[in-house]
Amino acid sequence: MRLGSTTRDSRSGRSLRSRRGVLWTVISVVILALIGGGAVAVALQLDSVDELPPGIPPQPAAITVNPQINPVVPNAPEPTPAGVQQAIADAVADPALGEFTGEISDALTGQQLWSDSPAEPRVPASNAKILTAAAALLALPHDQRITTTVVAGPGGQVILKGAGDPTLSAQPTGADTFYTRAPRIADLAAQIRKAGIDVTSVAVDTSAFTGPTMVSTWDDADIAGGDIAPIESLMVDGARIEPLDEYSPRVADPAITAGEALAAALGVDVAVTEQTVPTGGQVIAQVQSAPLVTRVNDMMRFSDNVLAETLSVELSVARGGPPSLAGGVSAIVATLSQHGFDMSAVSLRDASGLSYANRVPAGLLDTLMGAAAGPSQPLMRSLLDGLPVAGGTGTLAERFDPDTNPGAGWVRAKTGTLTGVSSLTGIVQTIDGRVLAFALMSGGTSPVDARPALDDVAGALRECGCR
């Protein structure tokens with residue numbers, strides 16, 4: 001059984017408000033923008049007056065905004081294990097953390113600063129997505145896109161062939177989409193009409209993926225619950241019934257639903273069927289996904305299970321493996337192993353973290369986060385861009401109250417929540433300007449209690465000079 005919509009993160013634990021583009025290092029820019037907006041308003045009012053009274057100085061120029069991200073100082077004071085221990089001593093003693101493991105390290109040097117059973121394999125929940133993101137960024141071109149095509153069939157039939165892009169959207173042209181820069185069914189329909197084909201029926205081809213569409217350790221009830229959908233190579237809007245609602249129930253037949261969206265866009269009122277595209281069939285329409293790095297960031301920011309699973313299959317195919325969920329899991333483990341990460345204690349059943357059968361030690365999660373933030377794995381650096389900002393974006397939008405937690409705006413972290421499981425892995429810049437990586441895993445207590453306790457540990461690190 002999964003948590004209710006107010007606490008669960010397996011499907012993402014986020015709200016539509018979480019799509020705010022708040023940058024953790026430039027919060028002050030927002031204030032400048034508001035001031036600038038006020039200055040523009042005053043300027044407009046002054047412009048409406050024919051003449052200024054004598055003695056009134058000319059109006060000042062409107063304030064302009066120059067947003068930028070300043071790098072951390074490379075010679076910021078090094079934290080010490082004793083300093084970190086002192087800073088978090090009260091927070092890690094909170095009984096709400098239950099069965100607690102974790103690790104904290106210096107992202108620049110990789111030095112372990114604090115740990116508690118970091119080698120113990122634990123249920124990671126959605127922190128498993130950190131492994132998926134890291135493997136994809138290490139092994140795939142960051143600008144890689146997925147192409148969805150429409151092929152001409154016999155007698156006016158058109159066949160919509162999926163290639164593994166669940167971000168394809170049925171939203172009309174100009175309407176918002178859940179995923180960033182999503183390709184659209186509407187564009188496919190426009191290309192088909194331009195080709196001059198008198199469409200009589202629509203079929204779908206899902207042959208790009210093989211094997212079971214659901215992992216055996218998943219619960220079928222999670223489809224209606226909105227956590228997952230059968231993973232097919234053709235889906236629209238992540239198989240959501242309500243395209244913009246992140247908590248929306250999913251459909252049980254994603255490919256057919258996608259075909260129906262195309263049929264509706266073409267005005268075709270005939271049942272959609274499944275059909276393999278003919279050899280040498282003519283491609284009459286195609287659209288492309290956003291680049292890989294954009295899709296990885298969407299997956300991380302909104303903890304999207306469907307996107308995580310399809311990314312793993314994309315990785316498997318690129319490595320010459322099977323286009324299946326099992327192949328995706330194997331590809332994640334193999335990729336990270338080949339890049340020097342110790343996967344000996346890892347057991348993965350899926351790429352999203354939805355399965356309770358997954359096991360990942362906190363030490364590995366911390367090492368991966370430190371590698372992304374530090375100098376050792378530059379290909380993983382963009383993983384940080386997708387991390388939710390404490391009190392600002394994604395699955396942390398409604399956590400880290402700025403009135404009570406100093407980590408608000410400074411912590412960036414991936415959340416993970418299942419019933420009785422809470423995890424938080426990310427980075428925080430201390431008041432001395434040092435970036436610390438951390439992985440915190442709690443079990444056996446309610447996430448309602450555990451998540452604020454985890455946030456307190458991360459927040460304590462923000463105020464820590466740790467020397």
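Ser316 is placed in helix H8, which spans residues 305-318; helices (H or I, at least four residues) and strands (E, at least two) are DSSP runs, numbered from the N terminus. The structure is a predicted model, in which local features need pLDDT of at least 70 and side-chain atom pairs count only at pLDDT 80 or more, while totals for chains, interfaces and linings use all residues. Residues are numbered from 1 along each chain as its sequence is written, and side-chain values use heavy atoms, with hydrogens and water left out. The pLDDT is the predictor's confidence in each residue, from 0 to 100. The mean pLDDT of the protein is 89, and 87% of its residues reach 70 or more. Over residues 1-49, the pLDDT is below 50, and this stretch has 112 contacts in the model beyond near neighbours in sequence.

With a relative accessibility of 1%, Ser316 counts as buried; buried means under 20% relative accessible area, exposed over 50%, and partly exposed in between (1.4 Å probe, protein chains only). When residues up to four places away in sequence are not counted, Ser316 touches Gly321, Pro322, Gly327, Gly328 and Ala331, a contact being defined by heavy atoms within 4.5 Å.

An open sheet of five strands has the order E2-E1-E12-E11-E10, with antiparallel pairing. Two strands pair if DSSP finds at least two bridges between them. Strands E2 (112-116) and E10 (411-418) are the edge strands, each pairing on one side only. From one strand to the next, the twist averages 5°.

Within this sheet, strand E12 (residues 435-443) is largely enclosed by the rest of the structure, because nine of its nine residues are buried. Val435, Ala437, Ala439, Met441 and Gly443 point one way from E12, whereas Leu436, Phe438, Leu440 and Ser442 point the other way. Strand E1 (residues 99-106) runs antiparallel to E12 and is joined to it by eight bridges; here Ile104 stands opposite Phe438. Strand E11 (residues 421-429) pairs with E12 in the antiparallel sense over nine bridges, and Thr425 stands opposite Ala439. The hairpin of E11 and E12 has five residues between the strands, and Gly433 in this hairpin takes a positive phi near 90°. E10 and E11 also pair in the antiparallel sense, over eight bridges; Thr417 has Ser422 of E11 as its bridge partner.

Two helices lie across these strands. Helix H10 (residues 362-373) lies across E1, E11 and E12 and runs at about 155° to E12. Helix H11 (residues 447-462) lies across E1, E10, E11 and E12, running at about 15° to E11. Axes are lines fitted to C-alpha atoms, for helices over the stretch in contact, and angles run from 0 to 180 degrees between N-to-C directions.

Rings of Phe, Tyr and Trp (its six-membered ring) pair if their centres lie within 6.5 Å; planes under 30 degrees apart count as stacked, over 60 as edge-to-face and the rest as tilted. By this rule, three aromatic pairs are counted. Phe178 and Tyr179 form an edge-to-face pair, with 5.1 Å centre to centre and 90° between the planes. The rings of Phe178 and Phe302 have their centres 5.7 Å apart and their planes at 55°, so this pair is tilted. The latter pair links distant parts of the chain, 124 residues apart. Phe178, Tyr179 and Phe302 form one aromatic cluster.
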